[in-house]
Amino acid sequence: MKYIIVAALLSSASAWTIKPLTKAAFASTAAALIIPTAALAGDVGAGEQVFSANCAACHAGGQNVIMPEKTLQKDALDQYLAGGRKEASVIMQVTNGKNAMPAFGGRLSDEDIANVASYVLDQADGDKWDE
């Protein structure tokens, strides 16, 4: 019985061959392995919890109690957020703070910051603030 199993494994293994990659095949394989930015997005649900615990005091409903024009609405993020409305820009702002906004880089983990950035963009892009 052992010989039958070994023979079956060897015959199936011989069906698999490794071929050297051509330049084009390597390039397409490498391109497929590059993770798009959206795939790096944080967890929106976890971000909502982080937002509620750390951000909602000033930004409830996507508003801004300190600087009313600088809301978390899509248009305001495009206009006022350094780098525009994208995850990296929100992460930078939350991590380092700006003006009256404190830096959360030492208080929240990188994962929490990525999650809250995903939540903020999800709300803004879907026009979900104040729902």
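**Entry 1: Asp125 and Arg85**

I looked up Asp125 and found that its side chain forms a salt bridge with Arg85, with 2.5 Å between the closest N and O atoms. I count a salt bridge when a side-chain nitrogen of Lys or Arg is within 4 Å of a carboxyl oxygen of Asp or Glu. Asp125 belongs to helix α7, while Arg85 sits in the loop between α5 (74-80) and α6 (87-96), so this pair ties together parts that are 40 residues apart in sequence. I take helices from DSSP runs (H or I, at least four residues), numbered from the N terminus.

The model is predicted: local features need pLDDT of at least 70, side-chain atom pairs count only at pLDDT 80 or more, and totals for chains, interfaces and linings use all residues. Residues are numbered from 1 along each chain as its sequence is written, and side-chain values use heavy atoms, with hydrogens and water left out.

**Entry 2: The other salt bridges**

I noted that Arg85 also meets Asp78 in a salt bridge (3.0 Å, N to O). How exposed are these partners? I recorded a relative accessible area of 39% for Asp78, 28% for Arg85 and 39% for Asp125.

I then found Asp122 in a salt bridge with Lys128, the closest N and O atoms being 3.1 Å apart. Asp122 is partly exposed at 27%, and Lys128 is partly exposed at 29%. Shared partners join the salt bridges of Asp78, Arg85 and Asp125 into one network. The structure holds 4 salt bridges.

**Entry 3: Helix α3**

Which residues of helix α3 (residues 44-54) are buried? I listed Gly47, Val50 and Phe51. They lie on the same side of α3, because they cover an arc of only 100° around the axis, the arc being that of the directions from the helix axis to the C-beta atoms. An α-helix has 3.6 residues a turn, so residues three or four places apart point the same way. On the other side of α3 I found Gln49, Ser52 and Ala53 exposed.

The buried residues of α3 pack against α4 (56-59) and α7 (110-125); I take contact to mean heavy atoms within 4.5 Å.

**Entry 4: Cys55 and His59**

I placed Cys55 in the loop between α3 and α4 and found this residue buried, at 12% relative accessibility. Not counting residues up to four places away in sequence, Cys55 touches Val50 and Val116. The C-alpha atoms of Cys55 and Val94 are 9.6 Å apart, although 39 residues separate the two along the chain.

His59 lies in helix α4 and is buried, with a relative accessible area of 12%. Under the same exclusion of sequence neighbours up to four places away, His59 touches Phe51, Asn64 and Leu72.

**Entry 5: Confidence**

I checked pLDDT, the predictor's confidence in each residue, from 0 to 100. The protein averages 82, and 69% of the residues score at least 70. Where is confidence lowest, and where highest? Helix α2 (residues 23-33) is lowest at a mean of 49, and α6 is highest at 97. Over residues 28-40 pLDDT stays under 50, and the model has 3 contacts beyond four places in sequence for them. Where pLDDT is low, the predicted coordinates should not be read in detail.

Definitions and conventions: Buried means under 20% relative accessible area, exposed over 50%, partly exposed in between (1.4 Å probe, protein chains only). Helices (H or I, at least four residues) and strands (E, at least two) are DSSP runs, numbered from the N terminus.
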